[in-house]
Amino acid sequence: MSIKVMLADDHMLVREGIKHLLEYDKSIEVIAEANNGMECIEKLCEISPDILLLDINMPVMNGLEVLEELKKRNCYIKTLLLTVHGEIEYLVKAIEIGADGYLLKDSGSEELKKAINEILKGESYIQPSLLPALNSRLINKDIDKEKLESLTKRELEILKQVAEGMFNKEIAINLNISERTVKNHISNIFKKIDVSDRTQAAVFAIRNNVVNLY
């Protein structure tokens with residue numbers, strides 16, 4: 001009995017290539033395709049694939065948003081994210097939402113099939129080259145948590161706006177405070193989270209879900 005797969009990717013050539021690779025030895029059948037996140041959700045309401053291969057970068061609703069929506073609907077389906085994003089923050093976010101696997105698009109067909117089979121056996125599968133960074137990130141998570149908890153509510157508001165690319169004047173207007181006060185808050189934030197500039201502060205904010213990647 002063949003494994004039933006659904007493909008969600010906004011590039012037709014990518015879908016056709018993956019479908020050809022998966023169906024080559026007749027052990028896997030691609031039963032549905034979607035070219036955006038919303039279409040993916042709609043089709044999943046009609047069919048029941050064994051596993052969903054999901055891209056992150058898609059129009060209308062991206063792959064991480066699809067995972068969030070499935071979670072809200074209590075619709076559990078084994079999901080392998082197949083993406084170009086090797087950045088550890090995307091991987092951590094995908095795991096937090098509930099993805100069963102994470103594989104980069106530069107992987108070979110054998111590794112893709114291995115990932116599918118591992119996930120269907122109830123295991124998780126993470127691209128091996130990403131595991132060292134993932135382990136390091138999980139260790140640092142507790143340290144980040146302590147730093148976050150040291151921030152006041154107002155400091156968190158300002159950190160969020162810094163991460164969104166706002167200047168001190170814009171933040172001051174938004175929060176109805178003086179630019180000098182904003183500058184003082186930012187100085188305190190940098191000390192508390194141990195960063196030296198706005199870019200590092202933004203990375204910290206994204207890493208800890210103060211602002212979203214998407």
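Student: What is the handedness of the β-α-β unit made by β3, helix α3 and β4?
Tutor: Helices (H or I, at least four residues) and strands (E, at least two) are DSSP runs, numbered from the N terminus. A crossover counts as right-handed if, with the strands pointing away from the viewer, the path from the first strand over the helix to the second runs clockwise. By that rule, the unit made by β3, helix α3 (residues 63-72) and β4 is right-handed. The crossover from β4 through helix α4 (residues 88-97) to β5 is also a β-α-β crossover, and its hand is right-handed.

Student: What kind of model is this, and how are its residues numbered?
Tutor: This is a predicted model, in which local features need pLDDT of at least 70, side-chain atom pairs count only at pLDDT 80 or more, and totals for chains, interfaces and linings use all residues. Side-chain values use heavy atoms, with hydrogens and water left out, and residues are numbered along each chain as its sequence is written, from 1.

Student: What is the order of the strands in the open sheet?
Tutor: Two strands pair if DSSP finds at least two bridges between them. The edges are held by β2 (28-34) and β6 (125-126), each with a single partner strand, so one side of each has no neighbour in the sheet. The pairing is parallel, and the open sheet of six strands has the order β2-β1-β3-β4-β5-β6.

Student: How many bridges join β4 to strand β5?
Tutor: On one side of β4, strand β3 (residues 51-54) is joined to β4 by three bridges, and these strands run parallel. There, leucine 53 has leucine 80 as its bridge partner. Leucine 80 in turn has glycine 101 of β5 as its bridge partner, and threonine 83 stands opposite leucine 104. Between β4 and strand β5 (residues 101-104), also parallel, the number of bridges is four.

Student: Which residue of β3 is the bridge partner of methionine 6?
Tutor: Strand β1 (residues 3-8) and β3 pair in the parallel sense, over four bridges. In β3, the partner of methionine 6 is leucine 52.

Student: Is strand β4 largely enclosed or open, and why?
Tutor: Buried means under 20% relative accessible area, exposed over 50%, and partly exposed in between (1.4 Å probe, protein chains only). On one side of β4, Thr79, Leu81 and Thr83 are buried, and on the other Leu80 and Leu82 are buried. Because five of the five residues of β4 (residues 79-83) are buried, the rest of the structure leaves this strand largely enclosed.

Student: What angle does the direction of helix α1 make with that of β2?
Tutor: Contact means heavy atoms within 4.5 Å. Axes are lines fitted to C-alpha atoms, for helices over the stretch in contact, and angles run from 0 to 180 degrees between N-to-C directions. Helix α1 (residues 12-23) packs on the sheet and touches β1, β2, β3 and β4; its direction makes with that of β2 an angle of about 165°.

Student: Why do the buried residues of α8 line one face of the helix?
Tutor: In helix α8 (residues 168-175), the residues Asn168, Ile171, Ala172 and Leu175 are buried. The arc is that of the directions from the helix axis to the C-beta atoms. Seen down the axis of α8, the buried residues line one face because they fall within an arc of 100°.

Student: Which exposed residues does the opposite face of α8 carry, turned away from its buried side?
Tutor: The cover over the buried residues of α8 includes α7 (153-163), α9 (179-193) and α10 (198-207). On the face turned away from the buried side, the exposed residues are Lys169 and Ile173.

Student: How are α7 and α10 arranged relative to each other?
Tutor: The axes of α7 and α10 are 8 Å apart, and the helices pack at an angle of about 110°. Angles under 35 degrees count as roughly parallel, over 145 as roughly antiparallel, 65 to 115 as roughly perpendicular and the rest as oblique. The arrangement of α7 and α10 is therefore roughly perpendicular.
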